[in-house]
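I opened a new notebook page for this structure. These are my entries, in the order I looked things up.

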Amino acid sequence: MLGGDEFISSPPRKTVRFGGTLTDILLKYDKGETTDFELLKHQLSDPDIKDAQIINWLHEFRASVAYLTKELEQLVSILLKLPWLRRSREVVEEYLGFLGNLVSAQTVHLRPCLRMIVSHFVPPRITIREDDVDISDSDDDDENLSENFNTCHRALQTVARYVPSTPQFLMPILVENFPFINKSERTLECYVHNLLRVTVYLPTLRLQILELIIEKLLKLDVSTPQQDIEDAEETANNSDSEEKSTEEGLFDMEEDEERKGNKDVSSSSDRMAHPLAERLDILMTILFSYIKDVCHVDGKLDINNTKDLYRDLVSVFDKLILPTHASCHVQYFMFYICSFKLGLAEAFLDHLWKKLHDPNNPSVIRQTAGSYIGSFLARAKFIPVVTVKACLDLLVNWMHKYIDNQDTGANAYCDVALHGPFYSTCQAVFYTLIFRHKQLLDGNLRKGLSYLQSLNFERIVMCQLNPLKICIPSVVNLFAAITRSKKTIDPLYQFWEELSAEDLENLKKPIKKGTSEDEDDDFLKGETPQNDGVVGIAPNSYESNTRSPVSSIGSPPDCYVPYPQ
C-alpha cells in the first residue's frame, strides 16, 4: 500500500471509463456537446462504481477545479454524493484532497461541501421492511461509525484550513441539520457529540454551539412534565419483575434517611421509561462529559480553560435558562461546573445577586435569579458555611432595606405582582435556612443562635408585606426528579435533614415557620412566580459517564453505567 504523499503524487490507475479526459469532456460541454458529459454523470452516479474509478476521476477533478464554476454545480452535487466515507483509505485521502482543492478554488461550493460533511454527523439511514412496510431508521450497527465521524471532522478541518471564513457559513448549517427530538436517541446522541467535537478545533463557534445544544435540551425539558416522567417510571416499575421492585425511579433523589439502607442497590435497567426523558438524560450526560474534559487536562483542573468555559455557560444561562419557565434539569450544567472550584460558585452567586437587586432588570428575571440563589445555597455541598453566611447577610440586609422603603408607603401590602423580587429573596433565605440550619448551628450552638437572631427574621415575617403568605408553598415531593445520570450531582448535593425536637425548641418561631415539612425544591427548577400568590423554587441532578467529545474518537458508546441506588 502506498504512503499518503507517495499515493497523491503517483499516476492514476488504469480503469474502464467513457469519453476522453475530464478537461476534454468539460470543454466539449462548454461548447454544447453534452454526450460525454452525460456519460460522466452517469458513471459517477453508478451505485456500483469501483474504488479505482473514484480515485481516477477525483485525481482528474483535483487538477481541473478551475472549470468547476457555479454553472457546473449539478456535477459538483454528484461528486459530493459519492460514497467516499465507506471506501478504502486511498479513496478517502483522495476525496479529502479534492475537497481542499475545490473550496480553495471555487468558494461558491463551500456551503454544499459543508452540508455534505454535516449530513454525516449522524448514523446513515437504512430501510427496514416490516409487514410489507418500509421503515427508515438510523444504522446503529455500523461498525465503522466512529471512524467515519473522525474522517468527517478531518474533512471539516481541511475545509476550514483552506477557507478561514468557514465558521460563519458552518453555523447556520449546524442549526438547520439538528435532528428533530422525535428522531432516534442514537441519532440525537451522535449529532450533539459531533457538534461538541467541532468546538475543539473551531473554538470561535463554541458559544453558538452551546447555545444551540442547550436550547434544544430546554425544549426537551419543558415538553416533558415532571409528573409525566414520574408516572411513566411508576408504571414501568409496577410492571417490572419482582426482583426489580426495590429499584429507585429516574431522578429519584430520596431523603437521606431512606437512602442509607439502599446504597448498594444497583439498577438493572439503564433506560428511562419516558422516551423524551431518556433522550434528555443521554444528551445531558454528553454535555457533562464535555464540561469535565474541557476543564481538566491530564486529570487536573485547568483554571484558564475552566474560566473560559464558565463565561460561555453563564452567557447561555442568562440568555436561555433565566427567561425559561418550568425548566427542571438543563440548568444543572451550571451547578456542575461551579462544583469544580469555589471561586466559580462564588462568582455565579455574585452574578445572580446582581441580577436580583438591579431594578432595571425585568421583575420576572429578578425573581428567577432569587430562586436560583436559594436553591444553589441550599443544595450545593461544595459551598462552605462561611460563604452561605456571607450571602445570607447580603440578602437579609437587602430585605430590611426593602422593608424600610415599602413598609409605610402606599404599596405596603401583600402583592406578588408588586413585590415579586422581595418575596423571591425571602424564599431564598428561608429555603437556605431549612437546608443549612444544622451547619449554621454546628460547633457553637449559642454563637449560631446569636447569628440567626441577628438577622432579625421577626421583623421580616411580621412586616406589612407578609412574606410567609407568599413564600411558603405546599409541595408534593421534596425532590421531583429521577435519572441514571444523577451521579455527578449527587455527591455535591445537600439533602434535607428534618429538624429534631431540640432544634425546634431552640430556634425562634419565625425561623421555625419557614420549615415546611415537604418543601419542594430541586436546584433550580427555574420556576418563576406566577401571580398566584406563590413563589417557587427547585432543582435536580445529572452526571457524566460517557466519553467526552473533547477526548474521545467518534461517538459515545451505546451503553451507559447504571447509577448506584
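**Entry 1: E278.** I began with one glutamate. E278 has 2% relative accessibility, so I logged E278 as buried, the cut-off being under 20%. I note that this is a predicted model. I then looked up where E278 sits: in helix α14, which covers residues 275-295. E185 is 93 residues away from E278 along the chain. In space, the two C-alpha atoms are 7.9 Å apart.

**Entry 2: E215.** I turned to another glutamate. E215 belongs to helix α11, residues 206-222. Is E215 buried, partly exposed or exposed? I read 35% relative accessibility, so E215 goes down as partly exposed. For this residue I also looked up a distance.

**Entry 3: the whole chain.** I stepped back to see the setting. I found 25 helices and four strands in the protein chain. The chain has 565 residues, and 53% of them are buried. I then checked contacts between residues at least 6 apart in sequence. Of these, 78% join residues at least 24 apart.

**Entry 4: helix α2.** I went to residues 22-30, which form α2. Which residues of α2 are buried? I noted L22, I25 and L26. Looking down the axis of α2, I see the buried residues within an arc of 95 degrees, so they line one face of the helix. What do they pack against? I listed α3 (35-45), α4 (51-63) and α5 (73-80). After α2 comes G32, and its phi is positive, near 100 degrees.

**Entry 5: K41.** I followed up on α3, because K41 lies there and counts as buried at 11% relative accessibility. I set aside neighbours within four places in sequence and looked for contacts. K41 touches Q74, L75 and I78.

**Entry 6: α6 and α7.** I took up a pair of helices. α6 spans residues 89-105 and α7 spans residues 110-119. Their axes are 10 Å apart, and the packing angle is about 150 degrees. That angle makes α6 roughly antiparallel to α7, since the label applies over 145 degrees. The crossing is left-handed. Which residues meet? From α6 I wrote down Y95, L99, L102 and V103. From α7 I wrote down L110, C113, M116 and I117. I sorted the contact by class and got eight nonpolar, no polar and no charged residues.

**Entry 7: α18 and α19.** I looked up a second pair. α18 runs over residues 363-379 and α19 over residues 385-406. I read an angle of about 150 degrees and axes 11 Å apart. These helices are therefore roughly antiparallel to each other. What is the hand of the crossing of α18 and α19? It is left-handed. On the α18 side, R366, I373 and L377 make the contact. On the α19 side, I noted V388, C391, L395 and W398. The contact of α18 with α19 holds six nonpolar residues, no polar ones and one charged.

Conventions. Residues numbered from 1 in each chain as written. Predicted model: local features only at pLDDT ≥ 70, side-chain atom pairs only at ≥ 80, totals over all residues. Heavy atoms only, no water. Helix = DSSP H or I, 4+ residues; strand = E, 2+ residues; numbered from the N terminus. Buried < 20%, exposed > 50% of the residue type's maximum accessible area, 1.4 Å probe, protein only. Axes fitted to C-alpha atoms, helices over the stretch in contact; angles between N-to-C directions. Parallel < 35°, antiparallel > 145°, perpendicular 65-115°, else oblique. Left-handed = near helix turned anticlockwise from the far one by under 90°. Contact = heavy atoms within 4.5 Å. Nonpolar A, V, L, I, M, F, W, Y, C, P; charged D, E, K, R; others polar. Arc of directions from axis to C-beta.
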